Each structure stands twice: as C-alpha cells, then as structure tokens.
Amino acid sequence: MRSNNVLGVIFSNSCSSTLTELTAHRTTASVPIGGKYRMIDFVLSNMANSNINNVGIIAKSGFMSLMDHIGSGSAWDLSKKRSGITILPPYAGINFANKVETLYQLRGYFEDAKEEYVLLSESNVIFNIDYTELFYLHDVNKADITLVYKRMTAPKKLSPVLTVEHDNVGKVEKILLQQQAQGECNMLVGSLLVKKDLFLNLIARALSENELDFYRLIQKWAEQYNVFVYECPGSCDVISSMEDYFRFNMKLMDGELRKELFQTDRPIYTKVRDDTPCKYGLTSSVKNSLVSQGCFIEGDVENCVISKGVHIKKGAKVSNCIIMQDTVIGENCNLNHIIIDKDVQISDEKALMGADSFPIYIAKKSLIN
C-alpha cells in the first residue's frame, strides 16, 4: 500500500467532555502542550512523516483556534499542489451528535477523496509512530481493518476503555469494552486503518441499524471481519483529564522521553511563532524546566513548562506549573501545581497552591488581583 493512497482523518474534539476547562473555547486538538506545541501536532506530524498527503480534521465546535493554528498546513508540508489539509465543521445546521452520524454526514468528503484507504485517529494521543509499518502489516496480513494498541495502564478517567485480545500473529480474538480498565492492558489508542469503500458501507449499515455507538461497532467488526492489531512502539500517552494533561507535561522534563517523542528523523512540526530568545534577569533561578522563546524570567522557576512570551517578575517563586502564552506573573507571587491558560495577569504578592492530583486551573485572559 502506498502511503499517498491513504486519507488521514483526525477527530479534533477527543475527550473534550473530560477536559472541559481546557476545551471551553477550543478543541482538544488545539490545546497547548509541552510549551510550544498543540495536541494535534503529534498525530498530524506522524501522518506527514508517513507521507500521507491528504488530511481531514473533523471539528465539532470551538475550532477557531484550531483553524488559526493549522492555517494552510504549510508547517506540516501539506500545502502543496498534490497535498492538502481540510477542516470539516458541521454545515447547514447539521449537528455532529456522535461519531457514526458524523462520519455518515461527511460521506461526500470521503467519496470525493482519491485515496483508497482511510486512517482514522484521535487527537489526544501523544506518540511518535511510523504509520508506514502499519500499512505494510495491513497488506501482509490481508486485513480488513487494522487497529493500533499499546500495552499500558489506562488513564483513570478514560471511559469507556477498549482493550484487545489477540493471537501471536496479531489477529484479534476479542475486543472488550470496559467502563474502567484496571492495571496494565492492551488498550486501543484510537487509530484505525480500513479500506474506504468497506468503511463507508460499514458506517451506512450501522446508521440503518441505529447502531450509533462507535466503540460497540468496533467490537462487532472484530467478530465479523479480518481484524488485526499493530502495537505502538515507544512511549504513548492518552490525555483524557486535567490530571493526565498536567502529569504528561511534567513527564516532559525527562530527557529520555523527549528523545523518544522528538526524533530527528521523524520530527514533530508546529506553527512557528518567531520571537526573541528568552531573557533571564540577574535575580532569576531556573531548574529542570522547559522555557520557550520570548520569555522574561526574573524570579525562581522549578519543574515548569513555560510557553512563549511569559513574564515572571522579581521575587516570584513558581514550581510545578504549566504556564501558557503571554501570561504575566507579578512580583513575590508563590505558585505551585497551577495550570495557567493564555494571557493571564496575576498581580503582585499572590499565593496559589494546587496538588499533583488536583492542579488548579486559571482560565484564559483571567485577571487575578
């Protein structure tokens, strides 16, 4: 199978109901992560690095930030004559109520696409994967459907959880739908490869039978078709709650994890914002932190992920925090375990404390007096 014969499709609102604070005014796909990236950058870069030339992004709501970030797709080399990226919002009063109806309503987009295969993916899965290996195994196994899984501990607040049992060659024997998985399991992580014609027939049949639960559909397909799995190599994180989001950002302090995710032969691309180098004042102290360009650090920073354009003033002590773009933290503030959204102003002498299991969230453009 040629990679340019695969249509990439990304669900941009993955787990938005459990990431409610972060997704109040944006899609899950456009949530900032790691200081300079957005969640969608990982799956979109994986597709671009695997030579997928045509990508559609299904956007249910709150997609203005996503459109601004994606632009023409040039950051992912998807703005050429024979490649493209398309935002797929609701149209003509149609509401994307669930995945089955959404995919059926977009059948015109699928039918017009020249690609023979479809690769569906969620936007809240953080990994660096070479999809060409998936395509190769799909052909070798003569599979109808191939699913990506990872042996991992499922996030506590992810529900439902799809786990898979397979034989020694990857043929699926059973898919289990659990409200909450306990311990390590073979968890499906939201990527599915299928031939386009078969996929459209399956979705049309599901709608005619009033089977609108996409997860139960996957269970049924495993019983009726030749379904295989491909195990994701390397690290894989599924962001399904504020706690998952906070802990993943803190994990990025680990240099080994960063080497796995940000590989030189398969880079993670993002929209570039040109800015000056970070400036450090004479009174500053920065330890074990990721600091983006354009920042001005005058206080003490430890175990933090800091996005572009942040100003931390003299005497401020900031620990275990995620601070998004263009936020200003006043003098002599004391912040610990806080997620601060974009364009927040925190005045002098403020103290805010959260916990690892319950980080405090400060909404975009808030003013803390």
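**Salt bridges, strand pairing and burial in the predicted model**

K195 is partly exposed, having a relative accessible area of 35%. The structure described here is a predicted model. K195 forms a salt bridge with E116, and the closest N and O atoms of the two are 3.2 Å apart. E116 lies in the loop between α4 (107-112) and β6 (117-122) while K195 belongs to strand β11, so this pair ties together parts that are 79 residues apart in sequence. E116 is also partly exposed, because its relative accessible area of 35% falls between the limits of 20% for buried and 50% for exposed residues.

The count of salt bridges comes to 15. Side chains of opposite charge can pair when their charged atoms come close. Another such pair consists of R247 and D356, with an N to O distance of 3.5 Å. R247 is in helix α8 and D356 is in the loop between β27 (351-353) and β28 (360-362); the two are 109 residues apart, and the bridge links these distant parts of the chain. R247 is partly exposed at a relative accessible area of 33%, and D356 is partly exposed at 37%.

A salt bridge also joins D326 and R273, with 3.1 Å from N to O. It connects distant parts of the chain, 53 residues apart: D326 is in the loop between β22 (322-323) and β23 (328-329), and R273 in the loop between α9 (255-261) and β14 (279-280). The relative accessible area is 28% for D326, which is partly exposed, and 25% for R273, likewise partly exposed. Together with D275, these residues are linked in a network of salt bridges.

Strand β11 (residues 184-195) pairs with β8 in the antiparallel sense over eight bridges. Within this pairing, L192 of β11 is the bridge partner of L147. β8 also runs parallel to strand β12 (residues 227-231), to which five bridges join it; here T146 stands opposite F228 of β12. Strand β8 (residues 145-153) is largely enclosed by the rest of the structure, because seven of its nine residues are buried.

Helix α8 (residues 242-251) is mostly covered, with eight of its ten residues buried. Among the buried residues are M242, Y245, F246 and F248. By contrast, R247 of this helix is partly exposed.

A nonpolar surface patch of about 290 Å² is formed by Y136, L137 and V140. V140 is part of helix α5 (residues 131-140) and is partly exposed, with a relative accessible area of 46%.

Key: Residues numbered from 1 in each chain as written. Predicted model: local features only at pLDDT ≥ 70, side-chain atom pairs only at ≥ 80, totals over all residues. Heavy atoms only, no water. Patch = residues over 30% accessible without salt bridge, like charges linked within 9 Å, V, L, I, M, F, W, Y side chains within 5 Å. Areas by Shrake-Rupley, 256 points an atom, 1.4 Å probe, with all protein chains shown as cover. Salt bridge = Lys/Arg side-chain N within 4 Å of Asp/Glu carboxyl O. Helix = DSSP H or I, 4+ residues; strand = E, 2+ residues; numbered from the N terminus. Buried < 20%, exposed > 50% of the residue type's maximum accessible area, 1.4 Å probe, protein only. Pairing = 2+ DSSP bridges.
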